[in-house]
Amino acid sequence: MDNAGALAPINETLGEYSQLFMLLAAMVYGVVFIIFALDLAKTNKSISEMDSQALKRDEELLVSAGSAAVGTKARARRGAAERADNVGEHIVTDKMEYTQLSSKRPMARIAVVLMWLAAVLHGGAVVSRALAAHRVPWGNMYEFLSTGAFLVALVYLLVLIFKDLRFMGSFISGLVTLMLCGATIGFPTPVGHLVPALQSPWIVIHVSIAVLASALFAISFAMNVLQLIQHARMNRLAAGQKDKLPFMRVVPGAGALENFAYRINTIAFVMWTFTVIAGAIWAEAAWGRYWGWDPKEVWSFVIWVVYAGYLHARATGGWTGPRSAWLSIIGFLSVVFNFTIVNIFFNGLHSYAGV
């Protein structure tokens with residue numbers, strides 16, 4: 001029996017382990033999403049009760065001050081007004097540091113631990129797939145989505161060591177779960193060899209940076225969505241309306257979210273620029289030209305233009321607030337369109353995604 005025949009059973013076993021690990025990881029991510037959602041619901045209730053109790057104490061104080069001196073009543077009213085204004089105040093600082101309630105959120109800590117477990121299982125699935133295929137696991141939509149989901153989770157968990165981003169837990173775990181479900185249900189692809197066009201060392205350079213940039217764009221997208229929600233909420237509070245989303249007090253202010261998303265997008269944009277350049281060099285080696293207006297190339301350039309416009313408008317044009325958030329969101333939707341619709345429905349030289 002030759003070496004290829006001898007290794008075939010091993011490769012098949014590794015492929016089966018990869019599928020098993022991927023299934024287990026998806027299940028744990030789903031549980032993490034539920035726990036993070038329950039934590040937000042519990043936090044929402046706790047904050048509402050805390051605000052109601054504070055306002056009730058102030059009302060009782062005003063009543064008891066009814067027979068007091070004029071100066072005492074005025075001070076009581078000012079104190080009550082100040083505390084009423086603080087209903088809706090953030091419990092987390094702009095540096096992502098919690099001022100209170102942090103130690104009262106055991107469910108969030110459990111969710112983080114489980115998410116690390118899911119990431120370990122997920123990493124095992126990706127590595128098993130690579131060992132089974134004897135190559136990097138980025139040759140088709142299934143592998144790209146599963147690896148991209150892994151990097152989204154891993155980057156989030158690593159940043160979580162330095163910044164308390166538990167308020168993004170439900171967004172990130174939900175996105176990762178959705179990506180894994182999309183990979184396993186929408187693009188199931190057995191372990192196989194790369195098509196000739198992908199059999200190049202450039203796949204390691206080009207695709208790895210593209211996946212990492214996409215993961216960073218996904219995280220900034222989640223922050224921009226929260227930014228828009230927080231901005232609309234603060235406008236309602238300023239208009240004197242009731243706070244319908246008390247749990248958003250554990251989310252930083254819209255400005256802090258925007259600044260953090262901007263820094264992430266800056267790093268991701270540099271990576272995407274390198275991705276486009278590396279892709280052009282690879283195209284010249286594979287097809288004899290650097291640029292040919294292939295659908296994939298066009299949309300990669302569109303993504304670059306949108307994020308370049310976003311960075312330029314925010315840095316020099318004063319595009320801050322919701323306008324910059326929407327432009328960043330459009331950029332991420334372009335990324336999603338590029339790696340789904342373009343891969344599936346557009347014919348071109350890049351139509352080898354295993355779908």
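**Gly-182 and its setting**

A: Gly-182 is found in helix α5; helices (DSSP runs of H or I, at least four residues) and strands (runs of E, at least two) are numbered from the N terminus. The model is a predicted one, in which local features need pLDDT of at least 70 and side-chain atom pairs count only at pLDDT 80 or more, while totals for chains, interfaces and linings use all residues. Residues are numbered from 1 along each chain as its sequence is written, and side-chain values use heavy atoms, with hydrogens and water left out.

Gly-182 counts as partly exposed because its relative accessibility is 24%; buried means under 20% relative accessible area, exposed over 50%, and partly exposed in between (1.4 Å probe, protein chains only). Not counting residues up to four places away in sequence, Gly-182 touches Leu-145 and Phe-187, where contact means heavy atoms within 4.5 Å. Tyr-142 lies 40 residues from Gly-182 along the chain, and the C-alpha atoms of the two are separated by 8.2 Å.

The chain around this helix comes next. The protein chain has 10 helices and 0 strands. Of its 355 residues, 46% are buried. Among contacts with a separation of 6 or more, 81% are between residues 24 or more positions apart. The chain exposes about 17,400 Å², and carbon and sulfur atoms supply 68% of this area; accessible areas come from the Shrake-Rupley method with a 1.4 Å probe, and for residues only the protein chains shown count as cover.

The largest nonpolar core has 76 residues; such a core is a set of buried Ala, Val, Leu, Ile, Met, Phe, Trp, Tyr and Cys residues joined through side-chain atoms within 4.5 Å. Helix α5 (169-186) is one of the elements that give two or more residues to this core, and the others are α1, α3 (106-133), α4 (141-162), α6, α7 (254-287), α8 (295-316) and α9 (322-339). Tyr-29, Met-115, Tyr-156, Met-168 and Ile-172 have the most contacts inside the core. Not counting residues up to four places away in sequence, Tyr-29 touches Met-115, Ala-118, Ala-119, His-122, Ala-153, Ser-173, Val-176, Thr-177 and Leu-180.

Helix α1 (residues 3-64) also holds Tyr-17, which is partly exposed at a relative accessible area of 43%. Tyr-17, Leu-20, Leu-23, Leu-24 and Met-27 form a nonpolar surface patch with about 480 Å² of accessible area together. Patches are made of residues with over 30% relative accessible area and no salt bridge, like charges being joined within 9 Å and nonpolar side chains (Val, Leu, Ile, Met, Phe, Trp, Tyr) within 5 Å.

Asn-224 is found in helix α6 (residues 202-238) and is buried because its relative accessibility is 1%. Its side chain and that of Gln-227 are joined by a polar contact of 3.2 Å. A polar contact is a pair of N or O atoms within 3.5 Å; within protein, one must be able to donate a hydrogen and the other to accept it, and residues adjacent in sequence count only if both atoms are side-chain atoms.

Side chains of opposite charge can pair when their charged atoms come close. A salt bridge is a side-chain nitrogen of Lys or Arg within 4 Å of a carboxyl oxygen of Asp or Glu, and the count by this rule is 5. Arg-135 forms one of them with Glu-143, with the closest N and O atoms 2.9 Å apart. Arg-135 is buried at a relative accessible area of 14%, and Glu-143 is buried at 0% relative accessibility. Arg-166 and Asp-164 meet in another (2.9 Å, N to O), and both are buried. Arg-314 and Glu-258 also form a salt bridge (3.1 Å, N to O). Arg-314 lies in helix α8 and Glu-258 in helix α7, so this pair ties together parts that are 56 residues apart in sequence. Salt bridges that share partners join Arg-129, Arg-135 and Glu-143 into one network.

Two loop residues remain. His-134 is in the loop between α3 and α4, has a positive phi near 60° although it is not a glycine, and is exposed at 55% relative accessibility. Trp-293 lies in the loop between α7 and α8; its phi is near 55°, a positive value in a residue other than glycine, and at 59% relative accessibility Trp-293 is exposed.
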